[in-house]
Amino acid sequence: MAPSISLILLLLLLYLFAPSLCLPQNSSSSDQQTLLSFKSQVTDSKSVLSSWASNNSLSNWFGVSISNRTGRVISINLTGLGLAGSIPQVLCNLSGLQILILSSNSLMGFIPQCMSNLRLIRIMDLSKNKGLTGEIPVWIGNFSPLLTKLDLSYNSFNGEIPKSLFKMKSLSHVDLSNNLLVGNLQEFKSHLNYLNLGNNHFEGSVPCFSRSVNSLSLLNLASNSLSGGIPTCISSLKLLKELNLSSNGLQYRISPRLIFSNRLEILDLNSNRFSGPIPPNLVQNPDKSQLLYLDLSTNRFSNEIPSQITNFKNLQLLSLSRNQLNSEIPVSIGNLTYLQSLDLSFNFLTGTVPVGLAGCFQLAQLNLAHNFLTGELRPELDALDGLRILDISSNFLTGEIPLPLAGCKSLEFVDLSENNLTGELSSAIIKWESLISIDLSSNRLSGEVPDWIFNFRNLQWIDLSNNIFSGFIPNIDSNTSLQLNGFSSPINKTQISLNLNKINQFDLLYTIDPTIGIDLSRNQLTGQIPTNLILFKGLNYLNLSHNHLTGQIPSNLSQMKELKQLDVSYNALSGRVSDELRKFPEAFVGNPRLCVAGCAAAEAKLPAQQGSLGGGIGGREGKMVGVSVEAFWISGVTSFYVSLVALLCSSKARGFVFRTARPEF
């Protein structure tokens, strides 16, 4: 008994101390020299490695961890330090290294071959360098039996995934996304927890990943060239929380047998060629589903929106846009009380905008554009006081913009264009204090353009074109938008953050054209162009065409240095166009009394006028023709009496002369 116990103790001691016995003498000093050499071979523009000095203890070096037992370097974490250059081969001397993180730098070139000697590596993260290139080394699949995490994402690696990597059994986390990798995908032999191969050029079908049936929680194969359908075996991944197969060439109908676990939180199948009806049962039990994000947009789904979708009570994003759906919007849509983004645009949806939408009181984005919706906008929508983006353009809505809609006080982007809306603009809209862009074009709105329309603090785009607005263009005061008056840069996006779970935050970016502009074209506006338009020094685009504007074009418009597009065509403008505005050659057509070019020559040919009656009137050739004073007075008196008689005898003439005067500004 005693000998066997002694043998066991001896083996235990060898296990504990063998690594240190095998190390060369002064291994800690050797590691220090290795890292000093590493420092000298990379570009450290921010001097973040200043603590790496021979007179400083290795344990105090930034980003370096050492073993308490051996004193050897076991971890290097230099993420996001702006280091540049190639990966120095001296790293291969750190034989005790277990964790290597060089992510988010500017490293370039190939992974050194000698790194295959780092046989204790558990985590290797070289992601987000962009300059690392070449094929993924074959040895990376078998150099360390301890490797659990491999992240080479956001680089320029090309070629195929080494077969040795598919066969590796220790891996649990693999991220090769955002590279230039090609080839067909195979089954991984390891029990993966995380697999991201998105944004590459992989082809072929989607594997089942059967070895990871009880472990895989994230599977991202988005933005590749995968084909075929979704294998039903995918739904056997019991712990799957996120599945992203978007932007591939996947097609066919989705099998009704494809039913995911209630654990699924994110399902993104957008931008494929799936057809047929949307399966009503995507998860095992909708009432207990954890689904937060469902994106089936840009496919060929048809028929109705299944009402079962409204049973996903935790849903925060639902996008079914750009399909061929042809039903009404389910009245039970209001059950989705956590919904923040709803996009049903570019379908063939009919019926009215359901009043039940008011139940989605957390909505930040509502997009129902390009459908066949009818009826009036419901005043109950004022319950959506957190709504920031409202787009119901290109439908067949009628009636007025309801006053209670002003309760949506968080609105930033409003597009109700291309409908049949009528009535005047209510001053209640002033409550949209955060308004950035408003498009009400191509409706039948009438009345005057209100003077408060330019006073929103962040307004940068307003389109009221192709309506029936009349009256004058309102005067502009100094209380105008910071963007319009050039005091602030244009806004080109807004962000909606979805806190999908305790770990992930998903940001929806809603982008807009950063042009700062006003479009009042194709209305019935009259009067003159206000001279104080000059206050809009930040304006890039101004369209006042196809109205009934008169008078001259204000010369100070040429001082609007940011103006890139101007259109005042097809009005009744007159006078001379300043030289500075002639850079817009097509802006003035359809104004026959407007002089655009050759004005100086035309003015030179005008007859000279004399100061006295006796001096005569200039002829075509500039010669003086004499006229007697007596003849002039006889002609004038005769004309006066003839006109007086005509006026007293004709009611039509009296009405014409004594009509009510209409001021023009």
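## Basis of the model

The model is predicted: local features need pLDDT of at least 70, side-chain atom pairs count only at pLDDT 80 or more, and totals for chains, interfaces and linings use all residues. Residues are numbered from 1 along each chain as its sequence is written, and side-chain values use heavy atoms, with hydrogens and water left out.

## Overall composition

The protein contains six helices and 45 strands, taken as DSSP runs (H or I of at least four residues for helices, E of at least two for strands) and numbered from the N terminus. Of its 665 residues, 48% are buried; buried denotes under 20% relative accessible area, exposed over 50%, and partly exposed in between (1.4 Å probe, protein chains only).

Contacts require heavy atoms within 4.5 Å. Among those between residues at least 6 apart in sequence, 50% join residues at least 24 apart.

## Helix H2

Helix H2 spans residues 27-41, 15 residues in total, and reaches 21 Å from its first C-alpha to its last, close to the 21 Å expected. The expected span is 1.5 Å times one less than the number of residues.

Ser27, Asp31, Gln32, Thr34, Leu35 and Phe38 are the buried residues of H2. Seen down the helix axis, these residues fall within an arc of 160°, so they line one face of H2; the arc is that of the directions from the axis to the C-beta atoms. Their cover includes strand S1 (64-66) and strand S2 (73-77).

## A nonpolar surface patch

Phe348, Phe372 and Phe396 form a nonpolar patch on the surface, with about 290 Å² of accessible area together. Phe348 lies in the loop between strand S24 (341-343) and strand S25 (365-367) and, at 41% relative accessibility, is partly exposed.

## Positive phi angles

Most residues other than glycine have a negative phi. Lys130, although not a glycine, has a positive phi of about 70°. Lys130 sits in the loop between strand S6 (123-125) and strand S7 (131-135) and is exposed at 63% relative accessibility.

Arg522 also has a positive phi, near 55°. This arginine, Arg522, is in the loop between strand S37 (517-519) and strand S38 (524-526), and its relative accessible area of 46% makes Arg522 partly exposed.

Definitions and conventions
Patch = residues over 30% accessible without salt bridge, like charges linked within 9 Å, V, L, I, M, F, W, Y side chains within 5 Å. Areas by Shrake-Rupley, 256 points an atom, 1.4 Å probe, with all protein chains shown as cover. Salt bridge = Lys/Arg side-chain N within 4 Å of Asp/Glu carboxyl O.
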